[in-house]
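Here are my notes on this model, as numbered points. Please keep the structure open while you read.

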Amino acid sequence: MARIGQGSDVHRLSPGRELRLGGITVPFERGLDGHSDGDVLLHAVANALLGAVGEGDIGLHFPDSDERWRGVDSAAIVDAAMARVRRRALEVVNLDATVVAEAPRLAPHRRAMQERIAALLGVAAERVNVKFRTAERLGEIGRGEAIGAEAAVLLDEAGGR
Ligand code: MG
C-alpha cells in the first residue's frame, strides 16, 4: 500500500551560525538556530517520512531535551526516520519540498540539495524536487528573521516500482 506524508518546520536565523539547508552548507552571514544544526529542510523531510509511516514527528523521536541530538547533523535525523521506513519494507517513490526564505538566493544550490536529500533517502536524484519561494516580505520569514520548509513524500512497498 502506498502512503503519503507531509512535514513543515520553521527556524530562526541568527548571526554566528553556519547556514545548513537540505544537508549542505549555504554561504550566508547568518544560520538557522536549533538544538541540532537547524536544517529546517531536512527536519521537514524527516517529519514527512515519520508522517507517512504514522510514527509521530521529530519532536517525539529527537526531543530538544536529549543531549544526543545537540549540534547533530540533521542527516542523522533523516537517517533515523528512513530506518523506520525500511523497517516497514517501504521505500520512497518521490519527495517534493519547498523552502520559504527571503534570502539568500537558493536556486544555485537546488541541485546539490536534491542530490544530498536523494542520497539520504536512498533514491535517484530525479525522485527529489526542491522548490524555493519568498514570503513576499510578509511576516517573520518575509522580514528575514526565519526560514521555513515544507515537504511531501510518497512511500510504497520496497521493490514495488
Ligand atoms: Mg526543526
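1. Leu 120 counts as buried, at 7% relative accessibility. Buried means under 20% relative accessible area, exposed means over 50%, and partly exposed lies in between (1.4 Å probe, protein chains only). Leu 120 sits in helix 4. Helices (H or I, at least four residues) and strands (E, at least two) are DSSP runs, numbered from the N terminus.

2. A word on the source. This is a predicted model, in which local features need pLDDT of at least 70 and side-chain atom pairs count only at pLDDT 80 or more, while totals for chains, interfaces and linings use all residues. Residues are numbered from 1 along each chain as its sequence is written, and side-chain values use heavy atoms, leaving out hydrogens and water.

3. What does Leu 120 touch, leaving out residues up to four places away in sequence? The list is Leu 42, Ala 75, Val 78, Asp 79, Met 82 and Arg 86. Contact means heavy atoms within 4.5 Å. Take Ala 75: it is 45 residues from Leu 120 in sequence, yet 7.1 Å away in space, C-alpha to C-alpha.

4. Now the helix pair. Helix 3 (residues 75–87) packs against helix 4 (residues 110–121) at about 40°, with the axes 9 Å apart. Axes are lines fitted to C-alpha atoms, for helices over the stretch in contact, and angles run from 0 to 180 degrees between N-to-C directions. That makes helix 3 oblique to helix 4. Angles under 35 degrees are roughly parallel, over 145 roughly antiparallel, 65 to 115 roughly perpendicular, and the rest oblique. Helix 3 brings Ala 75, Val 78, Asp 79, Met 82 and Arg 86 to the contact, and helix 4 brings Arg 116, Leu 120 and Leu 121.

5. Next, the core. The largest nonpolar core has 47 residues, and Leu 21, Leu 41, Leu 49, Val 78, Leu 121, Ile 147 and Leu 155 touch the most other members. Such a core is a set of buried Ala, Val, Leu, Ile, Met, Phe, Trp, Tyr and Cys residues joined through side-chain atoms within 4.5 Å. Helix 1 gives the largest share, 10 residues. Among the contacts of Leu 121 are Val 45, Leu 49 and Val 78.

6. Last, the metal. The magnesium ion has protein donors Asp 9 (OD), His 11 (NE2) and His 43 (ND1), 2.0 to 2.3 Å from it. Donors are N, O and S atoms within 2.8 Å of the metal (3.2 Å for Na, K and Ca); water is not among the atoms, so sites may look incomplete. Asp 9 is partly exposed at 21%, whereas His 43 is buried at 5%.
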